[in-house]
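This briefing concerns the predicted model of a single chain. In what order do the elements of the chain run from the N terminus on?

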Amino acid sequence: GMQALAASLFFTSLTSLDVSSNKVGAMGIQAFACSPFFSNLTVLNVGHNYIGATGMQALAASTLFPNIKSLLVNFNGIEDAGLQALAASSFFPSLTILDVSNNGIGVAGSRAFAASAFFPNLSTLNARSNGIRDEGIQVRTRSRMLECRRLRPHLTFPNLRIWMWTPT
């Protein structure tokens, strides 16, 4: 599985990796997060693998992915703790696209991410279906702070496209 992939020397020049819907789990993503063989990745899709907060915390703590521009962690049950770990991570300086949709993220996680200064290049945030209702969230862009409340499928701004939480 993912542990074997993480230990393989054959992927050192890989720039895009999609392991979505492969039952990776927290242990698999923890092994991957420790692998020095994927430092050239610019796109990582680990959606639909239920890595949970533990797996997201391991990924967020990894210093081995400085080139990732697109990170898709949708449908993983990362909840507030997982997004809070990512929000506190300075190890994704190139990130422009983030998909954290359908992860059980609440107010605490969204507020932590909104307050983070570590994502200056973020241009697309997909945070649909996480249960945020009227609490709202502020999303920081390079040029301004945007307050978003109960937004429907998407809004496009000059620097940021947002897919926000929609009522269920």
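From the N terminus on, the order of elements is α-β-α-β-α-β-α-β-α-β-β-β-β-β. The chain thus has five helices and nine strands, where helices (H or I, at least four residues) and strands (E, at least two) are DSSP runs numbered from the N terminus. This is a predicted model, in which local features need pLDDT of at least 70 and side-chain atom pairs count only at pLDDT 80 or more, while totals for chains, interfaces and linings use all residues. Residues are numbered from 1 along each chain as its sequence is written, and side-chain values use heavy atoms, with hydrogens and water left out.

**Chain as a whole**
- Of the 168 residues, 48% count as buried (under 20% relative accessible area; exposed is over 50%, and partly exposed lies in between, with a 1.4 Å probe and protein chains only).
- The accessible surface, from the Shrake-Rupley method with a 1.4 Å probe, comes to about 7800 Å², and carbon and sulfur atoms hold 55% of that area.
- Among contacts (heavy atoms within 4.5 Å) with a separation of 6 or more, 77% link residues 24 or more positions apart.

**Helix H3 and its surroundings**
- Seven of the ten residues of helix H3 (residues 52-61) are buried, so the helix is largely enclosed by the rest of the structure.
- Those buried residues are Gly52, Ala53, Gly55, Met56, Ala58, Leu59 and Ala60.
- They pack against helix H2 (25-33), strand E2 (43-45), strand E3 (70-72) and helix H4 (79-87).

**Pairing of H3 with H4**
- The axes of H3 and H4, as lines fitted to C-alpha atoms over the stretch in contact, come within 8 Å and cross at roughly 5°.
- H3 is therefore roughly parallel to H4, a term for angles under 35 degrees on a scale from 0 to 180 degrees between N-to-C directions.
- Ala53, Met56, Gln57 and Ala60 in H3 meet Ala81, Gly82, Ala85 and Leu86 in H4.
- By class, this contact has six nonpolar, two polar and no charged residues.

**Loop residue Ser123**
- Ser123 lies in the loop between helix H5 (107-115) and strand E5 (124-126).
- Ser123 counts as partly exposed, at 28% relative accessibility.
- Ser123 and Thr96 are 27 residues apart in sequence, yet 5.0 Å apart in space, C-alpha to C-alpha.

**Confidence**
- The average pLDDT (the predictor's confidence in each residue, from 0 to 100) is 83, and 78% of the residues score at least 70.
- Confidence is highest in H3, at 98, and lowest in strand E8 (residues 155-156), at a mean of 39.
- Over residues 138-160 the pLDDT is below 50, and this stretch has 60 contacts in the model beyond near neighbours in sequence.

Definitions and conventions:
Angles under 35 degrees count as roughly parallel, over 145 as roughly antiparallel, 65 to 115 as roughly perpendicular and the rest as oblique. Ala, Val, Leu, Ile, Met, Phe, Trp, Tyr, Cys and Pro count as nonpolar, Asp, Glu, Lys and Arg as charged, and the others, Gly among them, as polar.
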